Structure formats: structure tokens, C-alpha cells
Amino acid sequence: EFTFSHLLSKVKFTFNKDTYNNARYTYKITNIQFTNPYKQGVYNIANKTWGSQTIRTSAIDFGAGKAPITTTKLSVESNYARMLVPATYTDLNVTFTIETLLDGKSLGTKTINETLAQTFEKGKAYNVVVALGENNLITFTVDELTGWDSETNISIP
């Protein structure tokens, strides 16, 4: 008998436009990244814990938003979900670029660089939700996604 469970955390991004935001504005999200997550660690099978993590020197790329955010599409996910070494992160850097368009014409781009504090547990999936509000206010929430950490037993004869 073999039981499989995920040892890593799965993370994706969702960007939401404030429904009260002016309908003439749209947003394109690109270059979504974590810039200092752990690149490796040691998993202790007996204790079922992670330790000895080391910081990654290159970014983890989540791609871009799958489509522009408009009045008819108020939410967009990152192109990719990525796996992270589970840990309590106190200063995880989140960066992405927002291009703001008014009636389809670019008003310019802005790179957002924020810090996220979050505990990511093994075998769980998370959605980092970014709310794009009035006056360029950016807020984060992290939702745990269900269904990814279920176990299936597979028997090998």
C-alpha cells in the first residue's frame, strides 16, 4: 500500500478590480513574482517537518494575468500556479506590474513591490488575492484552497 501526500505548498494569484471602479479603466497585470522564497529545504520524514531552508536568489515567475481586467471581467488569475517550500514567511516579496488603460489607451505602468507575511503549509493550496482599488490602493488576502490536499490510496500488487 502506498499513500501519497504533497510535501510542498501550491500558490497562485487572483487580481480583482473594485466593482465601483470607473468602467472606462482596464488593467493589464504582468511580471507576477515572489522574489525571495525558499529554494530548498530538508524534510524530516519521521517528524513530518521542514527545516534548513535556504533563500532563493532568483524570482519565482507566476507569469501574467490571463487576460486584461475589464468591466465585464472583474477578476483574472495568474498564468501559473507554483510550488513553494512550506514555511512561515515574514517578508516574502511580491512584485507585479500594472498597466492602466483609459478607453484602451495606456496611461502608463507601475511596478508594485509589497511584502507578504504568510504561513504556507505542506499539502495545501493557496490563492493570493490582490484587490485593485481606487487611488491605486492594493490589498492582499490569502485564501486556502480546498481539494488539493486530499489523499488517495493506491495499491500496488
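Let's start with F34: beyond its neighbours within four places in sequence, this residue is in contact with V11, F13, A59, I60, F62, L84, L92, N93, V94, L116 and V128. Keep in mind that you are looking at a predicted model. The average pLDDT of the protein is 82, and 82% of the residues score at least 70. Over residues 151-157, however, the pLDDT is below 50, and this stretch has nine contacts in the model beyond near neighbours in sequence.

**The nonpolar core**
- The largest nonpolar core has 26 residues, and F34 is among those that touch the most other members, together with V11, F13, F15, I29 and F96.
- Two or more residues each come from β2, β3 (25-34), β6 (60-63), β9 (87-102), β10 (105-120) and β11 (125-132).
- Strand β9 gives the largest share of this core, with six residues.

**The four-stranded sheet**
- Four strands form an open sheet in the order β6-β3-β9-β10, and their pairing is antiparallel.
- Strands β6 and β10 each have a single partner strand, so one side of each has no neighbour in the sheet.
- On average, neighbouring strands of this sheet are turned by 25 degrees against each other, direction ignored.
- Antiparallel strands β3 and β6 are joined by three bridges.
- Look for I32, which stands opposite G63 in β6.

**A closer look at T14**
- You will find T14 in strand β2, which covers residues 9-17.
- T14 counts as buried because its relative accessible area is 7%, and buried means under 20%.
- Leaving out neighbours within four places in sequence, T14 is in contact with S75, V76, E77, N127, V128, V129 and V130.

How values were computed
Residues are numbered from 1 along each chain as its sequence is written. This is a predicted model: local features need pLDDT of at least 70, side-chain atom pairs count only at pLDDT 80 or more; totals for chains, interfaces and linings use all residues. Side-chain values use heavy atoms; hydrogens and water are left out. Buried means under 20% relative accessible area, exposed over 50%, partly exposed in between (1.4 Å probe, protein chains only). Contact means heavy atoms within 4.5 Å. pLDDT is the predictor's confidence in each residue, from 0 to 100. A nonpolar core is a set of buried Ala, Val, Leu, Ile, Met, Phe, Trp, Tyr and Cys residues joined through side-chain atoms within 4.5 Å. Two strands pair if DSSP finds at least two bridges between them. Axes are lines fitted to C-alpha atoms, for helices over the stretch in contact, and angles run from 0 to 180 degrees between N-to-C directions.
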